[in-house]
Protein chains: 2
Amino acid sequence: MGSVLALSGGVGGAKLCTGLAAELAPGALHVVVNTADDFEHLGLYISPDTDSLLYALSGRNSESRGWGLSGETWQAMDALAQLGGETWFRLGDRDLATHLFRTEALTAGMSLSEVTSLLARRLGIASHLHPMSDDPVRTVVHSVEGDLPFQRYFVGRQCEPPVTGFSFEGLDAAVPNGALLELLESDDLDCILICPSNPFVSIDPILLLPGVWQRLRDCPAPVIAVSPIVAGVAIKGPAAKMMAELGMPVSAAAVLAHYQSACPDMLTGFVIDLSDATLAPEMTATGVKTVATATLMKTLDDKRALARFCLDLARQS
Amino acid sequence: MGSVLALSGGVGGAKLCTGLAAELAPGALHVVVNTADDFEHLGLYISPDTDSLLYALSGRNSESRGWGLSGETWQAMDALAQLGGETWFRLGDRDLATHLFRTEALTAGMSLSEVTSLLARRLGIASHLHPMSDDPVRTVVHSVEGDLPFQRYFVGRQCEPPVTGFSFEGLDAAVPNGALLELLESDDLDCILICPSNPFVSIDPILLLPGVWQRLRDCPAPVIAVSPIVAGVAIKGPAAKMMAELGMPVSAAAVLAHYQSACPDMLTGFVIDLSDATLAPEMTATGVKTVATATLMKTLDDKRALARFCLDLARQS
C-alpha cells in the first residue's frame, strides 16, 4: 500500500490516526491537521489540534484526562494563578515545553510546517504531520452572545453560548500546506480519510482552504469520512450541541448531508457506527456508500480495527 | 525614618534587602535592581536579578539551591530536553509563570517598571521594586575567548572564560528609572545602600546610567556600600575571580578603590567584614569611613543585623 492521507482535528481524529499509524508501514501516514483552533496565549503560539496528534502519535497523550500529556503537572499554572495571571486555558508544565519550543522556532523564522515536522521527529513519530497551512486561519464562533474567538468559546466558555454559525478569518488568503497539495497530485496516494472530528470547526477549515475540497473531489483516491455523531450524540466535544443549535437534525445522516452540501461529490464512502446501521441504506441512496462498523475507540485494538475497516473500504472503492 | 534606597544585583543583594525590609516600616524600602543581566530566552523576557528580589522579598526563594523558587519542579525543562530544546538556562516550572506573566505584560505595552511593581504587589511585597531603567541595557563580557552576552558567560559558561573587561550596551541611551530620580530629589530619602553585589556587573550598570552616580554624590543622603569581598573571596558569584583576572588585588579595599575611581566622592561609608577589620583604618584614610561588622548572611537574623548596622551607620553619617 502507498500513502494514506488523514484530515484531522484534535483528540477524536488523533485516535483514528493512532490506529492508522499502527496498521500502516512507518511513514505511510500523512496527517493534515486543523490549525484554525491555533491561537496566541501568554505570548506562546499554541496549536491544540497539532499537539493532540503529536502527543497521541508518540504515545504521550493522557487517555484518562482525554487531552494533553500523561503524567502532566500543573506547577506553572498554579504559580500563574498566584500572580493573578490568565489560567482559563490550562497549560501543563510538560506541555509548556512544546509551546516554548514552537514559539521560539517560529520567532526564529521557521515555518509552522517545519517546526511541526521537527517536533514530530524529535518525539520519534514516523508518520508525517502537516499543519493545514502555514498561514494563520482563525475560527470565529458566531453565537447568540456575539462573536467569540474559538478557544474563548471552546475552553473559556466551555461551548456554552448557543452558536449561530462559524467563519474562518484568513481562510481565503491561506495557502494550503505544500505537502498536502503534493500528495493530492501523487500516484502514490491510496486513500483519503476524514477523521471523526468536528465537521464545523475541525474539518471544514481544512476542506474550505482555497481549492482543497475540489482537489479531493478530483483526486483518483477514494475519500472516506467517519461520522463523529453516533446514535445522535457526539463522542467528544460540541458537534452534537452545535448541530442542534444550527437547526440541523443531530444524526450521522446530517453530517453526511453537511459534507455533501459544502463539498458536493467529494465523498466516496461514509462510515457510521453500528448503532446507526439502520440509516445506512437511506444514506447510501443519497449517492455515498455508507457502511456501519464499531466506531467507538477506547483501546488501541478499537483504533486499529476502525483504521483497518476504513482502509479496507478504501481498497474496495 | 523616611525612605531607604538600596541598589542591588541578585541573590547577595536580595539577602540584605530582605533584612532591610524586615527592619524598616512597610513600604519604606525602595530597591533599584540591575537589569543589565536581563535577556530574552525561549521567547521569554527574563529578568534574573529582579526575580531574585521578588522571590526573596516574598519569602519564596530557595535558600538551599541559592537561586530560584523553593519547592520548584523541572518538568518543563525535562520535556524541553526531550524535544532537543535549549536547556542551558534552567527555568523551573513555577518560575516560568513569572516569565510568562512579565513577557505577556510587556508585549501588551506595559513598561518593565509597571510589570515589576505589579508582580511585587501580586506577591504581597510591601517594598518598592524598581528596575534600574525601562530601556534595555545589556552587559557584554569581554573575555579571552571574545565577547559573550552576560548569561552565556554566567550560566552557559559558568564564568569560566577569563574576563578582560565589561561593556553595557544601551547604557548611554538608557533613561534611569523615574522613581529612582524622584527619590534622589526627595527630602524623605534617609540613606542609600549599595548592596554586597558584584561591583562590575551588578552595581556598575546602575551607577553608570546617565547621571546616576553624580546624583548619588550630590544627594544629601549618605551613600554606604557593603563589600561583597570577604577575606579575599566572594561570598557568591564570580566577583573575586573577575578581580584577579582584571589584575586587581582581591580585597575589600580594592572594591572600595574601584567605586572611588568609577564614582569619585560618591561614598560616605563602606562596610567590610570583621575578618577584614584590620584593613579599616587604611581604607578610612582614603577618605571613606570604613567599619567592620559580620557581613555573612545565612539566617534572617544575620540579614536583619547587617541591615541594622548599615542603617545605624547612615544615621551617624
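This is a predicted model: local features need pLDDT of at least 70, side-chain atom pairs count only at pLDDT 80 or more; totals for chains, interfaces and linings use all residues.
**Exercise 1. Find which strands of chain B helix α11 lies across, and give its angle to β13(B).**

*Solution.* Step 1: locate the helix, residues 252–262 of chain B. Helices (H or I, at least four residues) and strands (E, at least two) are DSSP runs, numbered from the N terminus. Step 2: list the strands. Helix α11 of chain B lies across β9 (189–194), β10 (223–226), β13 and β14 of chain B. Step 3: read the angle. Helix α11 of chain B runs at about 160 degrees to β13(B). Axes are lines fitted to C-alpha atoms, for helices over the stretch in contact, and angles run from 0 to 180 degrees between N-to-C directions.

Residues are numbered from 1 along each chain as its sequence is written, and chains are lettered from A and ligands numbered from 1 in the order in which they are written.

**Exercise 2. Write down the strand order of the seven-stranded sheet in chain B and identify its edges.**

*Solution.* Step 1: the order is β5-β2-β1-β9-β10-β13-β14 (chain B), an open sheet with parallel pairing. Two strands pair if DSSP finds at least two bridges between them. Step 2: the edges are β5 (128–131) and β14 (289–293) of chain B; each has a single partner strand, so one side of each lacks a neighbour in the sheet. Step 3: from one strand to the next, the twist averages 20 degrees. Step 4: look at one pair. Strand β13 of chain B (residues 269–273) pairs with β14(B) in the parallel sense over five bridges, and B:F270 has B:T290 as its bridge partner in β14(B).

**Exercise 3. Now take the three-stranded sheet of chain A: state its order, its pairing and the helix that packs on it.**

*Solution.* Step 1: the strands come in the order β7-β6-β8 (chain A), and this open sheet has antiparallel pairing. Step 2: β7 (146–149) and β8 (163–169) of chain A are the edges, each with a single partner strand, so each has one side without a neighbour in the sheet. Step 3: here the twist averages 25 degrees from one strand to the next. Step 4: strand β6 of chain A (residues 138–143) is joined to β7(A) by four bridges, and A:S143 stands opposite A:G146 in β7(A). Step 5: helix α8 of chain A (residues 199–207) packs on the sheet and touches β6 and β8 of chain A, its direction making about 30 degrees with that of β8(A). Contact means heavy atoms within 4.5 Å.

**Exercise 4. Classify how α8(A) and α11(A) are arranged.**

*Solution.* Step 1: the axes of α8(A) and helix α11 of chain A (residues 252–262) come within 12 Å and cross at roughly 25 degrees. Step 2: α8(A) is therefore roughly parallel to α11(A). Angles under 35 degrees count as roughly parallel, over 145 as roughly antiparallel, 65 to 115 as roughly perpendicular and the rest as oblique. Step 3: on the α8(A) side, A:P199, A:F200, A:I203, A:D204 and A:L207 meet A:V255, A:H258 and A:Y259 in α11(A). Step 4: the residues of this contact divide into six nonpolar, one polar and one charged. Ala, Val, Leu, Ile, Met, Phe, Trp, Tyr, Cys and Pro count as nonpolar, Asp, Glu, Lys and Arg as charged, and the others, Gly among them, as polar.

**Exercise 5. Describe how chains A and B are related, and how α3(A) meets α4(B).**

*Solution.* Step 1: rotating by 180 degrees, with 0.0 Å of shift along the axis, superposes chain A on chain B (RMSD 0.0 Å). This is therefore the relation of a two-fold axis. Copies are superposed by least squares on the C-alpha atoms of residues with pLDDT of at least 70 in both. Step 2: the axes of helix α3 (residues 75–82) of chain A and helix α4 (residues 93–107) of chain B come within 7 Å and cross at roughly 50 degrees, which means α3(A) is oblique to α4(B). Step 3: the residues that make this contact include A:Q75 and A:L80 of α3(A) and B:R94 and B:F101 of α4(B).

Key: Side-chain values use heavy atoms; hydrogens and water are left out.
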